[in-house]
Amino acid sequence: MKSSSSRARLRWEIGIVLALSYGASGIYAIVAIIENLTRDQALSEQVTTINRSLSERPAFDLIYQLLSFSFGLAPVALVGFLLWRSSRPHLGHLGFGTPVQTGAPGASRRWWLGETGWGFGLAALIGIPGIAFYLVSKAIGINLTVIPTALDTYWWTVPILVLQALRAALGEEVIVVAYLFDRLRRLGVGPLATIVASALLRGSYHLYQGFGGFIGNVVMGLVFGWAYHRYGRVLPLIVAHWILDIVSFAGFPLALALWPSLFGAPAG
């Protein structure tokens, strides 16, 4: 059993990691939703943009976008540093790396292939109902209009969107799921409470999108948390999240062109 000093150290570590990442994002999102609710406009008449230009000059915009991607991965690197083990797989206890050999010869060397396929399945499970839920929540007035990208069109626009999707996928699934599950387990927190806590954290930093974004991401967090608890593998979650964000970011211009009344900003 861990000593009280070890448990206190773990709690401080969790607090610091979250303060440098999604805990801080959750606080900002809570303040944002309070501000939005106190405006004269209804939530459905307000707009929030996820990816926006950072400079009117294309070359500097690209530099800023790359810096945002790189420094945005710093909390992930911190978690990797804190949980790194000297033996291979170095992050195996987080469910990343070659799993224990259980199948045919060579199967463990192809572990990433099956887990990638599982990620595609998870993306379909979450993504298709997620779009419908966003449209419903916007229609009933509990969500803002979310603009996934307002970047100008350059040769680097789609690659940058793919990188930003990867940053979000790595950050959320490594920190909010794998890291948090490991640390809460060491503190003696049960699986159910851990899954719920992870899901609520995921929902909290999406509150800037409205209550629909909160509810939808809590549901996603419950599904992802259960999958991680059941199978102990994080790569499928990363792949699924990456696919969802790529489709959302890069596919938004097409969706806007085809269904402007559904996905466009409200008039006026």
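Phe181 and Tyr228 are both buried, where buried means under 20% relative accessible area, exposed over 50%, and partly exposed in between, using a 1.4 Å probe and protein chains only. This is a predicted model, in which local features need pLDDT of at least 70, side-chain atom pairs count only at pLDDT 80 or more, and totals for chains, interfaces and linings use all residues. Residues are numbered from 1 along each chain as its sequence is written, and side-chain values use heavy atoms, with hydrogens and water left out.

**Aromatic pairs**

- Rings of Phe, Tyr and Trp (its six-membered ring) pair if their centres lie within 6.5 Å; planes under 30 degrees apart count as stacked, over 60 as edge-to-face and the rest as tilted.
- By this rule there are six aromatic pairs.
- One of them is the tilted pair of Tyr22 and Tyr205, at 4.7 Å centre to centre with 40° between the planes.
- Tyr22 lies in helix α2 (residues 22-37) and Tyr205 in the loop between α7 (191-204) and α8 (211-231), so this pair ties together parts that are 183 residues apart in sequence.
- Helices here are DSSP runs (H or I, at least four residues), as are strands (E, at least two), numbered from the N terminus.
- Tyr22 and Tyr205 are both buried.
- Phe181 and Tyr228 make an edge-to-face pair, 5.3 Å centre to centre and with 85° between the planes.
- That pair links distant parts of the chain, with Phe181 in helix α6 (residues 157-186) and Tyr228 in helix α8, 47 residues apart.

**A ring cluster and a charge**

- Trp118, Trp226 and Tyr231 are joined into a cluster by ring pairs.
- Arg230 lies over the face of Tyr231, 4.8 Å from the ring centre; a charge sits over a ring if NZ of Lys or CZ of Arg is within 6 Å of the ring centre and within 35 degrees of the ring normal.

**Where α4 meets α6**

- The axes of helix α4 (residues 74-83) and α6 come within 9 Å and cross at roughly 30°.
- Axes are lines fitted to C-alpha atoms, for helices over the stretch in contact, with angles from 0 to 180 degrees between N-to-C directions.
- Residues making the contact include Pro75, Val76 and Val79 of α4, and Leu170, Gly171 and Val174 of α6; contact means heavy atoms within 4.5 Å.

**Around Ile243**

- Ile243 is found in helix α9 (residues 235-258).
- Leaving aside residues up to four places away in sequence, Ile243 touches Gly119, Phe120 and Ala123.
- Ile243 and Leu122 are 121 residues apart in sequence and 9.6 Å apart in space, C-alpha to C-alpha.
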